[in-house]
Amino acid sequence: MYSEEHKRYLNKIKRYNFLIRISQILLFIVFIVVWQILSDKKIINPFIFSSPKKIITCIINLHKTNNLYKHIYITTLETCISFILGTIIGLIIASIMWWNKYIAKVIDPYLTIINSLPKIALGPIIIIWAGSGMKAIIIMALLISVIVSIINIYQGFTSVDDIKIKLMKSLKANKLQIFKKLIIPSNTSIIINTLKINVSMCLIGVIMGEFLVSKAGIGYLIMYGSQTFNLDLVISGIFILCILATIMYYLIISIEKRLSLKN
Amino acid sequence: MNILEIKNLKKIYHTPKIETLAVKNFSFNLKEGEFVAIVGPSGCGKSTILNMIGSLDNKSDGDIKFNKDIKIGYMLQQDALFNWKTVLDNCLLGLEIKKIKDKNYVLNLLEKYGLKGFINSYPTSLSGGMKQRVALIRTLATKPDLLLMDEPFSALDYQTRLSISDYVYRIIKEEHKTAIMVTHDIAEAISMADRVIILSSRPSTIKRIVDINLTDKKTPIDNRKTKEFPYYYELIWKEIDHV
């Protein structure tokens, strides 16, 4: 049994966490309510700034015309494909660089250049090369996510404790064994962190790509809305995107938890 | 019988700006079952010699000859245990690398040397001394004939150090291993070794080899209480180059 003091201590923590949660929810409600009131009273222009009610109506309309899910599906699919491809390519290239320091040194300046280049500048070229379909969007997302993953994972690979590598060598492990039994397991947390960054990077790339070329997807929805001056649609698109990004982020978190339980 | 013969070992380290002669004229023979300690001022290249014997580092010149086909085991300054493996799996690492499936020898060692209750624990839950004990079992798992120990206790606090050196000494004797231990601790060297090699500062050469003859030689802790102990301490202390 706990002592009275410990119970008070536990209660204090519980109350504190509860307060934080309540404040978070309250902040959201106040924001929505104030927005609605300002819009109703015409203090802000409802045509430009929209309002929560109009957004809900807009989303319901999208749902009724069956467009909502198509757009969400397309954006999710594009993000997933580029996320999976980006992670695999990033891992492979980082592994090659770890395996062969010579290659790593040779491509290092090029990685830096590509990394600092604003990828949106490549947009026109990508459209011409890959056409105006999903391919172009995925290439855009890959360009944004792959370089960052390579750099992060490679850094993790090279920062493995020298003494552990010495241990493996003293046990006569070959390079592949060092890689499989030491480098990869000691970098799981770095790889998962890279996955987290990758999800948001891919989403940025996909939306950017949809702005440029697409015929469907949430990026397309936002772009279409702005071109037809339908700000309700634009803000609805952003709102849906918020939810989508949050869901994807928590998916990775739950994978991380499951993996760390295993370890 | 000599298990190892070293002649005129030499090591040069290269950096773009400078080359450093780390070791020169290092020759000595190691008998089977012997425990030899190497002492010397810090940075004199003690570990370098060990690395060359264990072929973790290339020699610049000289001969290292093993008189049998012997296996070498390394014990490092840090335990270097893998946090994602249990104690048992850490101990099996050497066998895993050699693709040997038989766990029995390791399980016996763990049981014999008091680690049986911990085989499913993870290293993070063990104390520093415990981890070093696990590291020793990991080294012994591959059945090495010669143990190379590179300041194996220097990361431990003083008390743990004393008890672990007792523990390691007992195991080495019981399992009939030959051992070379590098240390900067003179007392540790005298209390454990049959012979102490004193190295000069860089470039290191052998200054003197001292045979340790203690009356009633027992465990390292008991050996520290023998009447010859202060004499050897004084002798070695005077031989080592001090800054």
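## Interface between chains A and B

Buried area is the accessible area, taken with a 1.4 Å probe, that two parts lose on being put together, summed over both. In this predicted model, the area buried between chain B and chain A is about 1700 Å², and carbon and sulfur atoms give 68% of that area. The contact brings 20 residues of chain B against 16 residues of chain A.

Two kinds of polar pairing are counted across this interface: the rule finds 2 salt bridges between chain B and chain A, and 3 residue pairs in polar contact, with both residues of each pair at pLDDT 80 or more. On the side of chain B that touches chain A, helix α3 (residues 93–97) of chain B gives the most, with 4 residues. By class, that side of chain B is made up of 9 nonpolar, 6 polar and 5 charged residues.

## The salt bridge from A:Lys181 to B:Glu96

Side chains of opposite charge can pair when their charged atoms come close. Here A:Lys181 forms a salt bridge with B:Glu96, and the closest N and O atoms of the two are 2.9 Å apart. Over all chains the structure holds 16 salt bridges, and this pair crosses between chains, running from A:Lys181 in helix α9 (residues 175–183) of chain A to B:Glu96 in helix α3 of chain B.

The two partners fall into separate accessibility classes: A:Lys181 counts as buried because its relative accessibility is 18%, under the 20% limit for that class, whereas B:Glu96, with a relative accessible area of 29%, is partly exposed. The pair also belongs to a network of salt bridges, in which A:Lys181, B:Lys85 and B:Glu96 are linked.

## Salt bridges within chain B

B:Glu34 forms a salt bridge with B:Arg195, with the closest N and O atoms 2.6 Å apart. Since B:Glu34 lies in the loop between β2 (19–31) and β3 (35–39) of chain B, and B:Arg195 in strand β8 (residues 195–199) of chain B, the pair ties together parts that are 161 residues apart in sequence. Both residues count as buried, B:Glu34 at 8% relative accessibility and B:Arg195 at 12%.

A further salt bridge joins the side chains of B:Arg161 and B:Glu188, at 3.1 Å from N to O. B:Arg161 is part of helix α6 (residues 158–174) of chain B and B:Glu188 is part of helix α7 (residues 186–192) of chain B, so this pair ties together parts that are 27 residues apart in sequence. B:Arg161 counts as buried at 11% relative accessibility, and B:Glu188 likewise counts as buried at 2%.

## The two domains of chain A

Chain A is divided into domain 1 (4–44) and domain 2 (52–262), and their centres, taken over C-alpha atoms, are separated by 33 Å. Their contact takes 4 residues from domain 1 of chain A and 4 residues from domain 2 of chain A.

Together the two domains of chain A bury about 400 Å² between them, with 76% of it on carbon and sulfur atoms. In domain 1 of chain A, the residues that lose the most area to domain 2 of chain A are A:Ile32, A:Trp35 and A:Gln36, which together account for 84% of what that side buries. Across this domain interface the rule finds 0 salt bridges, while 1 residue pair is in polar contact, with both residues at pLDDT 80 or more. By class, the side of domain 1 of chain A that touches domain 2 of chain A has 2 nonpolar, 1 polar and 1 charged residues.

Definitions and conventions:
Residues numbered from 1 in each chain as written. Chains lettered and ligands numbered in written order. Predicted model: local features only at pLDDT ≥ 70, side-chain atom pairs only at ≥ 80, totals over all residues. Heavy atoms only, no water. Domains from an automatic or database assignment. Contact = heavy atoms within 4.5 Å. Salt bridge = Lys/Arg side-chain N within 4 Å of Asp/Glu carboxyl O. Polar contact = N/O pair within 3.5 Å; in protein donor to acceptor, adjacent residues only side chain to side chain. Nonpolar A, V, L, I, M, F, W, Y, C, P; charged D, E, K, R; others polar. Helix = DSSP H or I, 4+ residues; strand = E, 2+ residues; numbered from the N terminus. Buried < 20%, exposed > 50% of the residue type's maximum accessible area, 1.4 Å probe, protein only.
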